[in-house]
Each structure stands twice: as structure tokens, then as C-alpha cells.
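Open the model in your viewer and keep the selection tool at hand.

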Amino acid sequence: MSLDEHRLFTRGFSAENCIQCGKCIAGCQHTDLTPQQARDIMKKVTIKPQWYPELSFCIRCGKCNYRCPKDARPSDLEYECLEYKRRAEQEFPSSMAYAINGMGAEGWSANFFRDVYKGLGKTDKNILRAWATPKKSKDLLFIGCTDRMLPRTWEESQTLRNAAKFGGPDDCCGVWAIQGGLLDEGYRIAKRLVNRLLENRFDRLVLGCGHCQKVLTRMIPEKLGIVLPFPVISIYDYFLEMLETGAARVTTPLNLDAVISDPCFGYENGDEFLNSVRRLATKIGINISELPHNRENAVCCGYNGYFNNGKVANFVKTALMKRKDFAQSGKKHVMSYCPGCHLFNHYFQPGYKSHYLLEDVLLALDGKVAEPFSVLYRRLARPRIAWNLASVAKSALLPVKE
Ligand code: SF4
Ligand code: SF4
């Protein structure tokens, strides 16, 4: 099928606005292009959008949109170029395919998330089954793909007892398909999620994952013209609201000194979102400091780099930038509020102790966490997961010619 037949949504980049000044990519911390090189590339790309190897540095973090003096949305052009690359490939890299959830309706079968869900015990599976069924509640908490790997954590939390939980195995916001350049598929996944959410009856949607928040509150209105017919609140604001109204209280302050590490979606969700995360961390007893690159300059944990081509080398290259930030912070404890960042920092940033803010919030408020991430680490070491990871390792490790 041709690209044009796939054009079901607005790509976003405005060629009319763009003056080819190159400020977008010249200011990008993932490349060291000179201003002239950046101008030359942007001229070429805007005249004929397609995949250019010179763009392989881009991890689609979205930050160049804020550098553009003409509001031309250059990051959307980067997505579009990657999409050309994907469509031209004979086969979607299996290492990336395995990392994308929500593609069940597209005919894809196994993926990492589904494999973890399948390997859960009876109690957890029953919880997941219940979460897949639409609910009626004042607040509906959508549990994202990664948090869903630890069902009892959310289901058994006293603090979260009044929010109905929702999220079936294939319910995904589509972010990783989109990040990987499968734009049509990604937006179809997102649209399916909106329809699934609408099967519920609720007053307010609480989002546990910032990626979901970015897709549902920013990308869907911009790209699909869908405005959600219900208010959305982040789980951080939800906890803050409970603390401020007395509906919850800190029973077990953490007394932790940690550097906060913003994920790619942080700045995309706005200053209020970033401030709420910090306020909540402080309220539960974390003495937070900032990385040299946070907020509008936040560096990726590596996972977005992986979604350029499904190669470990690209992941490592990006993760090393984050590591440099960790070293400069002088701290040994790193607080992430993206479950993906937390997982990757845990596995691939030796010498640093990775913390997940939501887990620590539950610990501080409830005094316990039914299934901490340490349970997930054990699950990931099981033979079935290890075997499936090994089967995509060749695709992830072999070098690729851009
Ligand atoms: S997208 Fe914006 S920053 Fe980039 S070249 Fe065009 S006008 Fe300049
Ligand atoms: S999307 Fe991010 S990585 Fe890509 S050019 Fe823009 S700022 Fe750089």
C-alpha cells in the first residue's frame, strides 16, 4: 500500500511556515551539526520529505518543536521521514516488533508485554481479566502496558481503592508504534484506546503513564482532531489532590536523596506536569535535585534511540548521554517517573540505583507495595521471556547500513 493511501491523519509539519533556518536540528543535543549543515539538511528534507541517513541521529523527542521560530513543528517532519524509511524496508525489524504492544488488532501476535502478561500467576491474571472489562466509576485509572505487568501493585493499593482500574492486554496508547515510524498503525492503536475508554462510564480519567498522557491529550487532538470528551488528570495530580484534601497521607516518608530524571514525555506534557511530579516527590520525603539536562533539555534513557532501527547500538549511544548526566549530577540514586526509563536505568546504568516514583509514592502512602518492580525483574528472567528475547537478539545486535 502506498504512503498516500495511509494518510488518515495530519502529519503536522508545516512546510509553508518553515524558513529552512535549521535552528531545529542545529540546536539538537543528539547531533553536532553546524548551523550551515543543519540548514542544508532542512532545505533538502523540506523540499522532498523522505528518509535521509543524515537524520538517523534523531530520536523524535519533540524538543525541536520548541526551538522553531515559525511553529513549523519540525519534530513531526522527523516522524514523517522515519515513516518513509519504515515503509521502504522489506520487513519491520523483529527486535522492534517485539517491543510494541497494541498490535493485536493489526494481526501481530506475540510481543514482550503479552508474554509477560501470559506468564503471570492466577491472581494477577484474574486482575488483568477484570481490568479488561469496562467500569462505572467517578475516577477511572488507566493502567499502561508496563505498569500492567505488576497487577497487584495497583489493585491492592489502599490509596487507589476508589479509582476503578482499566486496561486490557491489547489496550495501548500506540506510542511505541509511533516512535518506531509506524504512524498509521500507532494512531489506529490510539484511536482504539479512546473507543475502549468510552466503553466505560466515568467522570474523569486518571492516567498513570506520561506517554499515554502525551498521546491522549496532545497527539490525538493534533493529529486526529479527536478531543477527549472527558477531563484527564495525571496520577501525580491525583495523588497530590488526595494529599491536599486529606484523602491520603504520607505514612512512611522515604528520606531519600535522589536526582530526578525527566523522560522524553515530561516537557511535552507541560510545566504544570513537571512541577506536579516534583511536588509529589518532595511530599513523600525525597530530597530531589536536577540533572544537568532536564525539562526542555531532557535526554532520553535510550529507548527512543532503540526505536530508530531496533538496534542495541543505538540504544547504548543514547543511554550513554543519560549516563553522562547522571555522573555530572554527583548522585547515586536516580528517580524516574517513566516505568520504561526506570527499567532501563535499572538494567543498563550500573553504579546507579534506579527508583520508580509511583512505586515509591505507594510505599510512602500505603506503607507497602504488593508487587514491587523486583518481582518483575524475576519474571523477566524466566525461560520463556529469555528465549523470546534471545530470538530477536540477532535483529537487535547486527549492525545496519543506514
Ligand atoms: S522547522 Fe522551524 S527551526 Fe526548522 S528549519 Fe524550519 S523554520 Fe527553522
Ligand atoms: S525530535 Fe528531538 S532528537 Fe529529533 S531533531 Fe528534534 S530535538 Fe533532535
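Colour by pLDDT, the predictor's confidence in each residue from 0 to 100. The chain averages 92, and 96% of the residues score at least 70. Now select residues 1–7: pLDDT is below 50 here, yet the stretch has eleven contacts beyond near neighbours in sequence (contact: heavy atoms within 4.5 Å). Where pLDDT is low, predicted coordinates should not be read in detail.

Some ground rules. This is a predicted model, where local features need pLDDT of at least 70 and side-chain atom pairs count only at pLDDT 80 or more, while totals for chains, interfaces and linings use all residues. Residues are numbered from 1 along each chain as its sequence is written, chains are lettered from A and ligands numbered from 1 in the order written, and side-chain values use heavy atoms, with hydrogens and water left out.

Next, select 7–88 as domain 1 and 97–397 as domain 2; such bounds come from an automatic or database domain assignment. Their centres, over C-alpha atoms, are 27 Å apart. Domain 1 brings 26 residues to the contact and domain 2 brings 34.

How much area is buried between domain 1 and domain 2? About 2400 Å², with 46% from carbon and sulfur atoms. This is the accessible area (1.4 Å probe) that the two parts lose on being put together, summed over both.

Show Arg87 and Glu185. They form a salt bridge, with the closest N and O atoms 3.0 Å apart. The rule (a side-chain nitrogen of Lys or Arg within 4 Å of a carboxyl oxygen of Asp or Glu) finds four across the interface of domain 1 and domain 2.

Move to ligand 1. It has 13 residues around it, and Cys18, Cys21, Gly22, Cys24 and Cys68 come nearest. Near means a heavy atom within 4 Å.

Finish at ligand 2. Here 13 residues surround it, the closest being Cys28, Cys58, Cys61, Cys64 and Arg67.
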